[in-house]
Amino acid sequence: EINKLVFRKFEASTVRGDVQLRDQKLVADPIRFSSMDGAVTGSAMIDARRSDTILITCDASILKVNITKLFAELENFDQDAIQDKNLKGVLTADVKFASLWSAALHADMDKLYARGDIMIEKGELIGFEPLKALSEYIKVSELDHIRFSTLKNEVEIKNRKVYLPVMDIESSAMNISMSGTHGFDDIVDYRFRI
């Protein structure tokens, strides 16, 4: 049991689980903690047996996490296009994640993989620049702060891109059907139907 755990900007409390450390490999199964106004349960592994890389994997169930805090505490996933200041809402998800890190604890974004079934409730998109391209059809003021209904989708991250399958978003400004990719280099390819 750990009352409080901090790593960079990430904070967790009431950490409980079974943890084994053997030959520079740490396995936590099961593990649960409170963080970002919600709760996380699952299993995780940190494998540091190689001198040049650390493998981190986890399977997690995320329950009612504040999405603004998620982006802030995970350093906006090392990208600039959509950040903690652009998002509000409550995230529930089942996630599988794997990544390689250097010995100095820098993530190799080329080797990051994640897949998640996500649900965002009470969602808000604030000051998101790509949507402002729709100002030809909708007032810019309506696009600057969009509130949307519950959003469900399966998101995949691989090859330095976030893949968004088709999803329907009913919002305060408009109803949108959207899909696309969002690159870690901030190159986005979104398709919208309004």
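This is a predicted model: local features need pLDDT of at least 70, side-chain atom pairs count only at pLDDT 80 or more; totals for chains, interfaces and linings use all residues.
Residues are numbered from 1 along each chain as its sequence is written, and side-chain values use heavy atoms, with hydrogens and water left out.

- Helices (H or I, at least four residues) and strands (E, at least two) are DSSP runs, numbered from the N terminus.
- Two strands pair if DSSP finds at least two bridges between them; strand 1 and strand 2 pair in the antiparallel sense over five bridges.
- These two strands form a hairpin with two residues between them.
- Arg 8 sits in the loop between strand 1 (2–7) and strand 2 (10–22), and its phi is positive, about 55 degrees, although it is not a glycine.
- With a relative accessible area of 42%, Arg 8 is partly exposed; here buried means under 20% relative accessible area, exposed over 50%, and partly exposed in between (1.4 Å probe, protein chains only).
- Strand 2 also runs antiparallel to strand 3, and seven bridges join the two.
- Val 19 has Ala 28 of strand 3 as its bridge partner.
- Strand 2 and strand 3 form a hairpin with two residues between them, and Asp 23 in that turn has a positive phi of about 50 degrees.

- Look for a cis peptide bond from Asp 29 to Pro 30, with omega near -5 degrees.
- Pro 30 belongs to strand 3 (residues 25–35).
- Met 36 lies in the loop between strand 3 and strand 4 (38–47).
- Phi of Met 36 is positive, near 55 degrees, in a residue other than glycine.
- Met 36 is buried, with a relative accessible area of 7%.

**The largest nonpolar core**

- A nonpolar core is a set of buried Ala, Val, Leu, Ile, Met, Phe, Trp, Tyr and Cys residues joined through side-chain atoms within 4.5 Å.
- The largest such core has 41 residues, and those with the most contacts inside it are Leu 70, Leu 125, Leu 164 and Met 178.
- Strand 7 (residues 107–126) gives this core its largest share, five residues.
- Contact means heavy atoms within 4.5 Å; not counting residues up to four places away in sequence, Met 178 touches Leu 164, Pro 165, Val 166, Met 167, Ile 169, Tyr 190, Arg 191 and Phe 192.

**Phe 71 and the aromatic pairs**

- Phe 71 has its place in helix 1 (residues 67–73) and counts as buried at 12% relative accessibility.
- Not counting residues up to four places away in sequence, Phe 71 touches Asn 76, Phe 77, Gln 79, Ile 82, Gln 83, Asp 84 and Leu 87.
- Phe 71 and Asp 84 are 13 residues apart in sequence, and their C-alpha atoms are 4.9 Å apart.
- The structure holds three aromatic pairs, where rings of Phe, Tyr and Trp (its six-membered ring) pair if their centres lie within 6.5 Å; planes under 30 degrees apart count as stacked, over 60 as edge-to-face and the rest as tilted.
- One of them joins Phe 71 and Phe 77, whose ring centres are 5.0 Å apart with planes at 80 degrees, so the pair is edge-to-face.
- Phe 77 counts as partly exposed at 35% relative accessibility.
- Phe 128 and Tyr 190 form a tilted pair, 6.3 Å centre to centre with 55 degrees between the planes.
- Phe 128 lies in the loop between strand 7 and helix 2 (140–144) and Tyr 190 in strand 12 (residues 188–193), so this pair ties together parts that are 62 residues apart in sequence.
- Phe 128 and Tyr 190 are buried.

**His 182, a polar partner of Tyr 190**

- His 182 lies in strand 11 (residues 175–183) and counts as buried at 6% relative accessibility.
- Its side chain makes a polar contact with the side chain of Tyr 190 at 2.5 Å; a polar contact is a pair of N or O atoms within 3.5 Å, where within protein one must be able to donate a hydrogen and the other to accept it, and residues adjacent in sequence count only if both atoms are side-chain atoms.
- Leaving aside neighbours within four places in sequence, His 182 is in contact with residues including Gln 79, Ile 82, Arg 160, Val 162 and Tyr 190.
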